[in-house]
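Let's take a walk through this model, one stop at a time. Keep the viewer open and follow along.

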Amino acid sequence: MGLLQVTDLKKNFGKESAVRGLTFQLEQGKCVALLGPNGAGKTTTLRMLAGLLEPSSGEIIFGEHHSVTDYRKWLGYLPQNPTFYGWMSGQEYIRFAAGLSGMEQNEIGKRTEAVLAKVGLQDAAKRRISGYSGGMKQRLGLAQALVHEPRLLILDEPVSALDPIGRREVINILHQIREETTVLFSTHVLHDAEEICDDILVMAKGRLAEQGSLTSLREKYREPLVIVQVEREREALSWLDSLRNKPYVIQADIKGDIAELTVHDLGLARDELMRDATENRIPLVKFEAGSSSLEDMFVKVVSEQ
């Protein structure tokens with residue numbers, strides 16, 4: 001069932017167009033990744049969906065409530081760089097956020113305790129936020145976005161500023177959250193999108209460049225790919241450069257001692273390359289045969305805009 005319908009959404013700042021006519025639908029129960037390079041319009045789009053920025057034109061309809069203009073009570077939102085009152089404890093902050101959402105007083109304590117446990121902050125609940133690590137603050141931000149049990153959770157780059165440990169903590173929490181509510185998040189980390197999302201929206205220059213399920217987009221853009229790395233010897237590097245002229249190679253991206261080869265037939269290319277390397281006594285460091293990744297799709301789609 002459609003949870004959020006966006007039609008011809010636009011946002012102008014003076015003469016500059018940040019978002020140029022987006023049309024898409026979010027399905028209830030899905031986890032959707034919004035991808036795009038810097039300046040693509042992702043944050044502006046999320047802020048409009050969250051009700052924090054007035055669109056220049058277009059329509060946003062939430063669920064079946066076509067007549068409801070303020071649907072923010074059903075949303076949870078976490079900005080890219082959340083700010084907190086450092087003098088508050090984590091518990092105090094979540095109780096404060098719950099109160100702002102309009103939650104009944106008799107529910108606030110129970111929901112605060114539950115959501116802090118969900119994000120793994122129950123043991124730090126009474127500590128001042130000023131003493132929290134970056135990962136703990138991001139988890140606290142998730143807690144405030146979830147405390148009122150939203151139907152849609154909107155996250156702007158939720159892991160971009162975190163170290164690997166903090167990033168993994170937040171990704172693990174998102175795995176749990178996506179089982180309970182619909183999630184829309186923007187990210188530059190394409191591996192995260194592959195790991196947890198169902199559908200993908202790709203923005204470029206304020207427009208929607210591509211959209212669809214992760215499975216369908218992988219199938220649409222998948223190309224046979226061989227990656228070859230050789231030792232840095234003159235003969236080996238010369239051989240590597242010669243691969244661009246092989247009849248089974250569609251495209252060759254050669255940088256130093258590594259070649260990424262898009263090929264017609266993966267089996268044929270693999271066999272021919274191994275035979276050729278053996279006959280010429282080429283010292284191989286790495287040889288991988290597979291298919292193009294989400295990152296390859298992303299680069300191709302964005303570069304075509």
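A salt bridge here is a side-chain nitrogen of Lys or Arg within 4 Å of a carboxyl oxygen of Asp or Glu. Before using that rule, a word on the source: this is a predicted model, in which local features need pLDDT of at least 70, side-chain atom pairs count only at pLDDT 80 or more, and totals for chains, interfaces and linings use all residues. Residues are numbered from 1 along each chain as its sequence is written, and side-chain values use heavy atoms, with hydrogens and water left out.

Start with the charges. Side chains of opposite charge can pair when their charged atoms come close. The salt-bridge rule gives a count of 18 in this model. One network of such bridges links Arg178, Glu179 and Asp198.

Next, look at Asp257, which pairs with Arg232, their closest N and O atoms lying 3.7 Å apart. Asp257 is buried at 11%, whereas Arg232 is exposed at 62%.

Lys246 and Asp276 make another salt bridge, with 3.2 Å between the closest N and O atoms. Lys246 belongs to the loop between H8 and S11 and Asp276 to helix H9 (residues 266–279), so this pair ties together parts 30 residues apart in sequence. Lys246 is partly exposed at 24% relative accessible area, and Asp276 is buried at 11%.

Now to helix H7 (residues 214–221), where Leu214, Leu217 and Tyr221 are buried. Viewed down the H7 axis, the buried residues fall within an arc of 70°, so they line one face of the helix; the arc is that of the directions from the helix axis to the C-beta atoms. Thr215 and Glu219, on the other side of H7, are exposed. Glu219, at 54% relative accessibility, also meets the side chain of Arg222 in a salt bridge (3.0 Å, N to O). Arg222 itself is partly exposed, at 42%.

How does helix H1 (residues 42–49) compare with the rest of the structure in terms of what encloses it? Six of its eight residues are buried, so H1 is largely enclosed by the rest of the structure. Those buried residues are Lys42, Thr44, Thr45, Leu46, Met48 and Leu49. Just past H1, Gly51 has a positive phi of about 80°.

Speaking of phi, most residues other than glycine have a negative value, and most peptide bonds are trans. Asp8 is not a glycine, yet its phi is positive, at about 50°. Asp8 sits in strand S1 (residues 2–13) and is partly exposed at 37% relative accessibility. Arg281, also not a glycine, has a positive phi of about 50°. You'll find Arg281 in the loop between H9 and strand S13 (284–291), exposed with a relative accessible area of 77%.

Key:
Buried < 20%, exposed > 50% of the residue type's maximum accessible area, 1.4 Å probe, protein only. Helix = DSSP H or I, 4+ residues; strand = E, 2+ residues; numbered from the N terminus.
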